[in-house]
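Hi,

Here is the structure I promised to pass on.

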Amino acid sequence: MWVVIAALMLGILLGALDQTIVSTALPTIVSEFGGLNHLSWVVTAYLLASTASTPLWGKLGDQYGRKPLYVAAIIVFLVGSALCGAAWDMLSLIVFRAFQGLGGGGLIVLGMAIVGDVVPPRERGKYQGFFGAMFGVASVAGPLLGGFFVDNLTWRWVFYVNLPIGLVALAMVSFALHGKRDGTKHRIDYAGTAAIAGAAVCLVLGTTWGGTEYSWGSPVIIGLFLGAVVLLVLWWLAERRAAEPVLPLHLFGNPVFSVAGFLAFVIGFALFGSVTYFAVYLQVVKGESPTVSGLSLIPQMLGVLAASITSGLLITRTGHYKVFPIVGTGLMTVALALCSRLAPDTPVWEQSVYFALLGVGLGSVMQVLIIAVQNSSPYADLGAATSGNTFLRSIGGAFGVAVFGTIFSNQLATNVSRALVGIQLPPGVDPAEVQENSAILRTLPPEQSRAILGAYADAIQTVFLCAVPVAALAFVASWFLREVPLKTATREAGMGESMGAPTERSSRAELETCLARLLRRDPKARVLYAQLAARAGLDLPAGSVWALCAIAQEGSVTGRELAGTADTTRDKGRPYVDELVAEGLVDREGELLVITGTGRAFAERIWETRRRGLDNLLEGWDPERHPELVRLLDRMSRESLGDRSDLSALTR
């Protein structure tokens with residue numbers, strides 16, 4: 001199991017890292033290829049492809065088995081990484097990033113799903129916590145690693161580094177993971193997915209090209225916006241007819257989902273947009289190396305991480321969540337306004353405060369949105385509402401980078417023209433080239449370089465100033481987020497979801513994930529089994545209760561198999577089995593331990609006691625009204641008792 005877990009952690013790390021590692025390499029890539037106007041597409045292409053492919057990977061994995069789909073996702077991602085590293089111009093890099101994003105979407109959603117196949121329920125929450133930590137590590141390490149590779153190797157290693165790690169993960173998964181098919185039949189919403197992804201591409205292209213490649217009134221731009229409208233209408237029609245729509249329309253009738261969806265869109269908009277253009281500010285305007293610029297971004301990422309964890313803990317403890325999006329969006333608005341003051345001479349401590357403040361604001365909202373949406377959704381909508389919220393956040397990220405890029409390009413062109421009035425550039429240097437390739441600034445005389453750096457700084461200031469009204473609108477909207485008393489199962493969200501991982505799970509799988517997190521709060525094994533025995537009216541030591549559950553699940557096992565299951569010795573476990581034999585709950589037939597009728601009845605009583613406890617965790621979803629929830633609770637009540645880690649703890 002540990003081999004599989006390690007491979008999955010590597011895969012999720014790769015998928016999460018590629019959302020942040022590229023940011024500090026972008027200025028260098030632009031210096032080599034030119035095409036500053038298209039810089040945003042290096043990030044946007046990956047986000048759009050991974051977001052659109054996530055529901056497809058998730059449902060195909062359920063239907064055809066997750067191992068072959070996960071192997072395919074790794075291969076697609078690695079081929080895309082190799083092609084990105086070998087890109088010869090900006091267009092080829094953008095196309096290859098989209099291809100890489102197709103694999104990236106599968107790495108995350110299938111990796112999280114496979115955990116449920118290989119890890120016992122009571123241990124599952126712990127491992128999901130490890131995977132969530134990968135997103136935190138990626139958010140902090142990504143910009144720093146990107147800068148390190150650019151400074152010490154080449155920007156191409158930002159992509160090539162995926163190859164050895166991915167090949168190790170591929171080998172480990174192929175060797176250690178046994179194929180398991182959920183068997184769930186899905187009717188995949190290809191039409192809805194294609195329509196909403198196409199609409200997003202048209203809108204992003206229109207905002208990216210408008211005012212730069214083409215005038216806003218040109219047939220191309222008007223055609224793109226009209227195409228987006230037509231595709232949105234087609235999406236609406238497709239969702240009305242789809243058996244399993246990618247984003248069900250009726251969700252927007254839930255006011256909590258609507259407000260949380262808008263806030264998720266703004267969070268993605270601000271997070272990915274700011275990280276991309278902070279790197280441009282640090283490397284171009286301030287002249288920092290890629291490595292130092294990666295270090296400079298750490299305050300923001302630490303702010304996101306710390307605020308996300310802290311808000312989650314406080315919500316779990318208090319049961320209240322509404323205050324966090326209000327405070328978070330307020331801090332975001334203030335931070336973006338402060339970032340609009342960033343200049344070439346801004347001190348490091350001051351910019352770090354601005355970055356950290358923005359990170360705290362973003363992190364304060366991230367954890368809340370998943371909790372609020374899950375808590376207000378009926379069981380039938382739980383999976384769709386969760387994936388819908390993360391879908392909107394990813395789409396917001398794609399738009400944020402594109403819109404920030406459009407504002408930056410348009411403003412930079414104006415600022416450079418104004419800055420060069422009365423200034424003669426050296427022969428052979430074209431003003432348009434200065435906008436396309438920032439590396440030329442280092443070759444200019446100091447006076448000219450200062451003038452153009454000021455133009456860059458002013459353009460970046462305008463970017464953040466234009467983001468302020470969007471954040472302010474989110475602040476106003478956050479006051480309308482209705483606070484619903486929290487159900488026990490939704491008091492905490494996984495770190496992976498809060499850090500922006502796309503999800504695609506059914507309602508049953510979503511509740512199973514919630515229960516797995518809650519099972520981490522179980523008392524220590526000795527106390528848990530003693531409590532269950534007492535509530536079931538049994539006078540047995542905790543170790544004997546464990547052995548009874550383990551033998552009853554199989555019907556019969558050998559002593560050697562039972563000791564192997566428990567990861568302990570037969571001598572340590574024998575006294576607990578002897579107790580069961582003496583009570584007539586288990587028969588010893590040579591090497592074989594066989595459950596008796598009385599023993600099975602007692603085991604059923606223990607499982608029923610455990611089942612009632614799990615029922616209480618799902619209060620508010622009426623488990624008895626949903627047959628698949630009844631089956632889930634029956635299964636988890638059995639699987640969460642008698643696993644190997646428990647007797648190891650009991651016999652120490």
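Below is what turned up, starting with how to read it.

This is a predicted model, so to speak: local features need pLDDT of at least 70, side-chain atom pairs count only at pLDDT 80 or more, and totals for chains, interfaces and linings use all residues. Residues are numbered from 1 along each chain as its sequence is written, and side-chain values use heavy atoms, with hydrogens and water left out.

First, a helix pair. Helix 1 (residues 2–17) packs against helix 8 (residues 162–176) at about 145°, the axes being 9 Å apart. (Axes are lines fitted to C-alpha atoms over the stretch in contact, with angles from 0 to 180 degrees between N-to-C directions; helices are DSSP runs of H or I with at least four residues, strands are E runs with at least two, numbered from the N terminus.) On the helix 1 side, the residues in contact (heavy atoms within 4.5 Å) include Leu-10 and Leu-14, and helix 8 brings Ile-165 and Met-172, among others.

Next, the salt bridge (a side-chain nitrogen of Lys or Arg within 4 Å of a carboxyl oxygen of Asp or Glu). The whole structure has one: Asp-578 with Arg-588, where the closest N and O atoms are 2.9 Å apart. Asp-578 sits in helix 24 (residues 570–582) and Arg-588 in strand 2 (residues 586–589), ten residues apart.

Cheers
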